[in-house]
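Please look over the fold below.

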Amino acid sequence: MDMTRIRDRMVEHHVTRRGIRDPGVTEAMRTVPREKFVPPGSEEFAYEDAPLAIGEGQTISQPFIVALMLEKANLDAGDTVLEVGTGSGYASALLSRITRHVYSIERHERLALQAKERFEKLEYRNIDVRVGDGSKGWAEAAPFDAIIVSASAPEVPTALKEQLGLGGRLIIPVGRCDAQRLKRVTRTGDATFEEEDLGGVLFVPLIGEDAWTATHPMYTATAPSLPGTLASEPSSPQDAQGGGMGKIHPLPALPEGVVDYTEFQQTFWAVQRISWIVFTLLLLTCLLGLFGRGGPFSRQTLLLADGSVDFPVISRWNAPEDMTVNFTPSSEDRVFTIDAAFLQTFSVQGIDPPQKATFVREGRIGYVFPADPAGLTQIVFRLQTQLPGPRRATIGMGGESRSQSTFIFP
Ligand code: SAM
């Protein structure tokens, strides 16, 4: 399926309408296939403005937040950038479309390897991925023009500040889970930095030597009553909190000047969903009226050499149905035949007027009616539907037979 239009719509709805204007960022979001960065089976949610689980208790960030972080990093085509917290690889992939080179660190080996594979498949060759503790940065590749940290630290890690080049920008969420602020730290001199607050957010914790640890006093202060938190592996505090930290606020405090339409948008979607359900129900009702039992398309007349058969093609399970057989005038006895499949689909409750004789030949049942050279003979078979679902039955007049399909609603 061509996802270009869906991607364009996501950018329009969740990114540009919410104030992100950087053409480099929006163009990258229109280009990078986000559906390739979510677990199999979640592709249909790839373009919703929501974080999605990617395994290891981690998430791929909400598109709007990624766009906001990238825009606030003031990226340039010649920049060398570091991302801490590769996760699915989506943000690094976006960075790679905007800048010259991307270094990306992830502490979970499985996620790092998976992201690397995705970059290779997509032929994004300007990304280096490493497994490790990103709170210490990537000293050998420094200095960086920008550093994006996709997990929340207790305070801005010193190593990351030191690895910024002059004028370099560090975008990082800082704080406990319930009080995180997105910060931009700009290096203004050898030892001087300017810090700006970009609003409230909610990220998974940055776990490492210069970040949260399972025993970090601020971290443990957030979840004192959770058994096992102190003793748990550093990789699992968010799991210990029921995955709550794996989410980004659906409504992060937006930066100044960005109008928040989220509530209106959610109401609009709810109304849209209900409208679709009502429309589908109405459509089904109309279709059932047309094609359903008793509707103008529920019966079909089959023309054969010796006459015609008015046959029920749509009916309801366990309900009476009529099948009318019209014989053309003839001076010889007339024969109507059905097969075993017919008797599995319908049971014959009565024949009006009744047959003169019945016979079984080559697996078919034949009903014999007396000759009438003067006029048309009409025979009504009173049937009862037997088995729901799509069925086939063979009926015949004289030497001719037809296989006919019929549908019985459960
Ligand atoms: N940017 C990612 C994406 O686009 O999918 C989403 C990142 S997810 C919100 C945060 C990631 O940071 C997780 O994959 C987590 O394992 C990783 N992480 C946490 N602490 C880390 C650390 N000290 N070093 C490297 N990665 C870390």
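## Overview

This is a predicted model. The chain has 410 residues, and 37% of them count as buried. Its secondary structure comprises 10 helices and 20 strands.

Take the contacts with a separation of 6 or more: 58% of them join residues 24 or more positions apart.

## Nonpolar cores

The largest nonpolar core holds 66 residues. Ala67, Leu70, Leu94, Ile147, Ile148 and Val149 touch the most other members. Helix H3, residues 63–72, supplies the largest share of this core, with seven residues.

Leaving out residues up to four places away in sequence, Ala67 touches Val15, Ile20, Val25 and Met29.

## Helix H1

Helix H1 spans residues 4–15 and has 12 residues. From first C-alpha to last it reaches 15 Å, close to the 16 Å expected at 1.5 Å a residue.

Which residues of H1 are buried? They are Arg7, Met10, Val11, His14 and Val15. These residues lie on the same side of H1, because they cover an arc of only 105 degrees around the axis. An α-helix has 3.6 residues a turn, so residues three or four places apart point the same way. The buried residues of H1 pack against helix H2 (23–31) and H3. The face turned away from the buried side carries exposed residues: Arg5, Arg9 and Glu12.

Strands of a sheet pair through backbone hydrogen bonds, either parallel or antiparallel.

Val81 stands opposite Val102 in S4.

## The six-stranded sheet

Six strands form an open sheet in the order S12-S20-S19-S14-S17-S16. The pairing is mixed. Strand S12 (314–316) and strand S16 (357–361) stand at the edges. Each has a single partner strand, so one side of each is left without a neighbour in the sheet. Neighbouring strands of this sheet are turned by 30 degrees against each other on average, direction ignored.

How many bridges join S16 to S17? There are five, and the two strands run antiparallel. Strand S17 covers residues 364–369. Within this pair, Ala357 has Val368 in S17 as its bridge partner.

## Strand S18 and its partners

Strand S18 covers residues 377–385 and pairs with strand S13, residues 320–327. The pairing is antiparallel, over eight bridges. Here Asn326 stands opposite Gln378 in S18.

Strand S15, residues 346–352, also pairs with S18. Six bridges join them, and they run antiparallel. Phe346 stands opposite Thr385 in S18.

## Two buried residues

Is Phe346 buried or exposed? Phe346 has 25 C-beta neighbours inside 10 Å, so it counts as buried; the cut-off for a buried residue is 20 or more. Phe346 is placed in strand S15. Not counting residues up to four places away in sequence, Phe346 touches Glu321, Leu383, Gln384, Thr385 and Gln386. Phe346 and Gln386 are 40 residues apart along the chain, yet their C-alpha atoms are separated by 5.2 Å.

Pro205 sits in the loop between S9 and helix H7 (217–222). Pro205 is buried, because 25 other C-beta atoms lie within 10 Å. Val174 is 31 residues from Pro205 in sequence. In space the pair is 9.2 Å apart, C-alpha to C-alpha.

Key. Residues numbered from 1 in each chain as written. Predicted model: local features only at pLDDT ≥ 70, side-chain atom pairs only at ≥ 80, totals over all residues. Helix = DSSP H or I, 4+ residues; strand = E, 2+ residues; numbered from the N terminus. Buried ≥ 20, exposed ≤ 12 C-beta atoms within 10 Å, placed from the backbone. Contact = placed C-beta atoms within 7 Å. Core = buried A, V, L, I, M, F, W, Y, C linked by C-beta atoms within 7 Å. Pairing = 2+ DSSP bridges. Expected span 1.5 Å × (residues − 1). Arc of directions from axis to C-beta. Axes fitted to C-alpha atoms, helices over the stretch in contact; angles between N-to-C directions.
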